[in-house]
Amino acid sequence: MKIGILVAMDRELQQLRQVFQNSQVVVEKCGIGKVNAALGVQRMINAHRPDCIISSGCAGGNGDDVNIKDIVVSSEVAYHDVYCGAAEGGSLAYGQVQGMPARFQADPYLLRKSEELEVKRGLIVTGDWFVDSREKMESIIQLFPEAKAVDMESAAIAHACYINNVPFISFRVISDMPLRDSHASQYHDFWNQVAAQSFQLTRTFVESL
């Protein structure tokens, strides 16, 4: 199986390339945000024709059962900053792009394989907003109370994979808990302390496929 992994930032790329040294897994950086993420997917598909794509990196966490350095795996992903309003034939769900699913489901086989790991599975929501305040996180969680993680790429990667019919799943290390933090101090501490082993679970998952 040819596997592609997309990350948003240089420091995530460096961590994961160390983890996947001497591996045939394709690890590439797409850049931060939804447009960069979607373009990164298309480049990867055009160049490498992967059998599946994994979104990897960090995310803000939510929920009493989620803590910093936990791994959240997407059972489904959605946009938290998309609203198309009333559409022909009825209203769309918040976060739904007209003509697309309200939520993009992770590939069933990949999700089933993740059950062999110590991870948290659930909804990941995505938007073009770095969540650096409790107030912003509260506004997101009001709309998606069950969300376990918030990032800036996963839904766009899932969206592009859906259009290209490529299996998808997202693995996100929790870097901070915005509802327990202020001014993203936990996020900055996370990068000061994190080591490559925080991404080792992704390698364990890949090796199980």
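**View 1. Surroundings of Ile-157 in the predicted model.** Setting aside neighbours within four places in sequence, Ile-157 is in contact with Leu-6, Ala-37, Val-41, Ile-53, Ser-55 and Phe-168 in this predicted model. Ile-157 also belongs to the largest nonpolar core, which has 28 residues, and is listed with Leu-6, Val-41, Ile-53, Val-77, Cys-161 and Ile-174 as having the most contacts inside that core. The elements giving two or more residues to this core are helix H2, strand S3 (52-61), strand S4 (71-79), helix H5 and strand S10 (168-176), and of these H5 gives the most, with six residues. Apart from this core lies another, of 24 residues, including Ile-54, Ala-106, Leu-111 and Val-119.

**View 2. The crossing of helices H2 and H5.** The axes of helix H2 (residues 34-48) and helix H5 (residues 154-164) come within 8 Å and cross at roughly 40°, and H2 passes H5 in a right-handed crossing. On the H2 side the contact is made by Lys-34, Ala-37, Ala-38, Val-41, Gln-42 and Ile-45, while H5 supplies Ala-156, Ile-157, Ala-160, Cys-161 and Asn-164. By residue class, the contact between the two helices divides into eight nonpolar, two polar and one charged. Val-41 of H2 and Ile-157 of H5, both part of this contact, are themselves in contact with each other.

**View 3. Tyr-109 in helix H3.** Tyr-109 has its place in helix H3 (residues 108-114), and with a relative accessible area of 33% this residue is classed as partly exposed, since that class covers values between the limits of 20% for buried and 50% for exposed. Once neighbours within four places in sequence are left aside, Tyr-109 is in contact with Met-1, Ser-208 and Leu-209. The C-alpha atoms of Tyr-109 and Pro-167 are separated by 8.9 Å, although the two residues are 58 residues apart along the chain.

Conventions. Residues are numbered from 1 along each chain as its sequence is written. This is a predicted model: local features need pLDDT of at least 70, side-chain atom pairs count only at pLDDT 80 or more; totals for chains, interfaces and linings use all residues. Side-chain values use heavy atoms; hydrogens and water are left out. Axes are lines fitted to C-alpha atoms, for helices over the stretch in contact, and angles run from 0 to 180 degrees between N-to-C directions. Helices (H or I, at least four residues) and strands (E, at least two) are DSSP runs, numbered from the N terminus. A crossing is left-handed if the near helix is turned anticlockwise from the far one by less than a right angle, and right-handed if clockwise. Contact means heavy atoms within 4.5 Å. Ala, Val, Leu, Ile, Met, Phe, Trp, Tyr, Cys and Pro count as nonpolar, Asp, Glu, Lys and Arg as charged, and the others, Gly among them, as polar. A nonpolar core is a set of buried Ala, Val, Leu, Ile, Met, Phe, Trp, Tyr and Cys residues joined through side-chain atoms within 4.5 Å. Buried means under 20% relative accessible area, exposed over 50%, partly exposed in between (1.4 Å probe, protein chains only).
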